[in-house]
Amino acid sequence: MAVGLSGFAFGVTSAGSGLTVLQTCALSLLVFTGASQFALVGALAGGGSPFTAAAGAFFLGVRNAFYGLRLSQLLALPRAVRPFAAHWVIDETTAVSLAQPGRRSARLGFTVTGLSLYTLWNLTTLGGAVGAEAIGDTDTWGLDAAGPAVFLALLAPMLRTTQERAVAAVAVLLGLGTLPVLPAGVPVLMAALAVPVVLYGAGLRARSGTRAAQGRPTAARSHEGTPPTAAQEDDR
Amino acid sequence: MSVWIAIAVTAVSCYAVKLAGLLVPAGALERPRVRRVAALLPVALLAALTAQQAFADGRTLVLDAKAAGLAAAAVALLLRAPFLVIIAVAVVVTAGVRALTG
């Protein structure tokens, strides 16, 4: 359901960004990972070069490698099948496969989810793109707000810990702050620096915390009831 | 033409990372630091993209109807509205504010 709607939203956003129906459908057929597709058309609409736009889309797609890693152990696919299965390694297929009790049902879940989402995503993309071309100026209808709203809805469940919120805040500052001075498309890549910045900051805090704890062991023990720190989360 | 280049580069690179996950031996990406960076990278990019698409027009920062739409979507999110409602609220509020201030 959600995928069908965001496929429609992607088609509308992509057409509103100036891509043709053919280009929009090619993205959904060949890329098939929603956040990267939204990022690409957003960057192209902002006047970014094809390579900086593709770099942002690529960084968003990196998470799929980690999904693939978990799926390859779970599904134990034959080597010959993996190049075909790879195209369907996305958030939803991973979630469904990991929720299954055994290998047989995990493989079935992966295949059924992959096939139905791939079909739905591409049909709704086509519908959105054709619909957007038919109504003309998508901005009048507020449809340019669909892209950021989809991003926000994807982002919100990821903001659970203080560290994740810190990364988001620093990324917004970097992304907006560098926007007027750097070439289009580059500020989003600058925002990725929020990750090392926040991890480095957490590392510094953990180290000074360790020193303080070594100096005053009783004081450190009194903190045992407090929530885990960012440094401890690193070990999960 | 440059749009097709962007599509081709994105399609190849996004497929390559998906395939890499299925092919690399387990353990290669299992170090805690690598996992942590991989989990935080989408957070940083999505946050920056949300902000830019809502508050920027090309390379200038703007505060227009889209900001109102996004704020309304944030409220819908906090009220645990379904995905469809969140997007619809953003679109309708943006269109409404634009029509009123037109």
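Which residues does Gly128(A) touch, not counting residues up to four places away in sequence? They are Gly7(A), Phe8(A), Ala9(A), Phe10(A), Gly11(A) and Val12(A). To touch, or be in contact, means that the C-beta atoms of two residues, placed from the backbone, lie within 7 Å. This is a predicted model, in which local features need pLDDT of at least 70, side-chain atom pairs count only at pLDDT 80 or more, and totals for chains, interfaces and linings use all residues. Residues are numbered from 1 along each chain as its sequence is written, while chains are lettered from A and ligands numbered from 1 in the order in which they are written.

**Chain A overall**

- Chain A has 14 helices and 0 strands. Helices (H or I, at least four residues) and strands (E, at least two) are DSSP runs, numbered from the N terminus.
- Chain A holds 236 residues, and 47% of them are buried. Buried means that 20 or more other C-beta atoms lie within 10 Å of the residue's own; exposed means 12 or fewer; partly exposed is in between; C-beta atoms are placed from the backbone.
- Take the contacts in chain A between residues at least 6 apart in sequence. Of these, 67% join residues at least 24 apart.

- Gly128(A) sits in helix α8 (residues 103–135) of chain A.
- Gly128(A) counts as buried, because it has 28 C-beta neighbours inside 10 Å.
- Ser14(A) is 114 residues from Gly128(A) in sequence. In space the two are 8.8 Å apart, C-alpha to C-alpha.
- Helix α9 (residues 146–155) of chain A has 10 of its 10 residues buried, so it is largely enclosed by the rest of the structure. Among them are Ala146(A), Pro148(A), Phe151(A) and Leu155(A).

**Transmembrane regions in the record**

- An unreviewed UniProt entry lists residues 38–62, 108–129 and 141–159 of chain A as "transmembrane region". UniProt positions are given in the numbering used here, feature names are shortened, and annotations may be inferred rather than shown by experiment.
- Residues 38–62 of chain A are 80% helix and 0% strand. The end C-alpha atoms of this span are 15 Å apart.
- Residues 108–129 of chain A are 100% helix and 0% strand. Here the end C-alpha atoms lie 31 Å apart.

**Two domains in chain A**

- Chain A is assigned domain 1 (2–158) and domain 2 (161–236). The bounds come from an automatic or database domain assignment.
- Their contact takes 12 residues from domain 1 and 8 residues from domain 2.
- On the domain 1 side, helix α4 (residues 50–61) of chain A gives the largest share, 5 residues.
- By class, that side of domain 1 has 6 nonpolar, 6 polar and no charged residues. Ala, Val, Leu, Ile, Met, Phe, Trp, Tyr, Cys and Pro count as nonpolar; Asp, Glu, Lys and Arg count as charged; the others, Gly among them, count as polar.

**Where chain A meets chain B**

- The contact takes 82 residues from chain A and 63 residues from chain B.
- The chain A side divides into 60 nonpolar, 16 polar and 6 charged residues.
- Helix α2 (residues 21–30) of chain A packs with helix α1 (residues 2–23) of chain B: their axes come within 10 Å and cross at roughly 10 degrees. Axes are lines fitted to C-alpha atoms, for helices over the stretch in contact, and angles run from 0 to 180 degrees between N-to-C directions.
- That angle makes α2(A) roughly parallel to α1(B). Angles under 35 degrees count as roughly parallel, over 145 as roughly antiparallel, 65 to 115 as roughly perpendicular and the rest as oblique.
- In this pair, Gln23(A), Ala26(A), Leu27(A) and Leu30(A) meet Val3(B), Ile7(B) and Ala11(B). The contact has 6 nonpolar, 1 polar and no charged residues.
- Gly69(B) lies in helix α3 (residues 65–78) of chain B. Gly69(B) is buried, with 28 other C-beta atoms within 10 Å.
- Residues that Gly69(B) touches include Gly142(A), Ala145(A) and Ala149(A), as well as Ala90(B) and Val91(B).

**Positive phi angles**

- Phe32(A) is not a glycine, yet has a positive phi of about 45 degrees. Phe32(A) lies in the loop between α2 and α3 (34–45) of chain A. Phe32(A) counts as buried, with 24 C-beta neighbours inside 10 Å.
- Arg80(B) also has a positive phi, near 60 degrees. Arg80(B) lies in the loop between α3 and α4 (83–101) of chain B. Arg80(B) counts as exposed, with 8 C-beta neighbours inside 10 Å.
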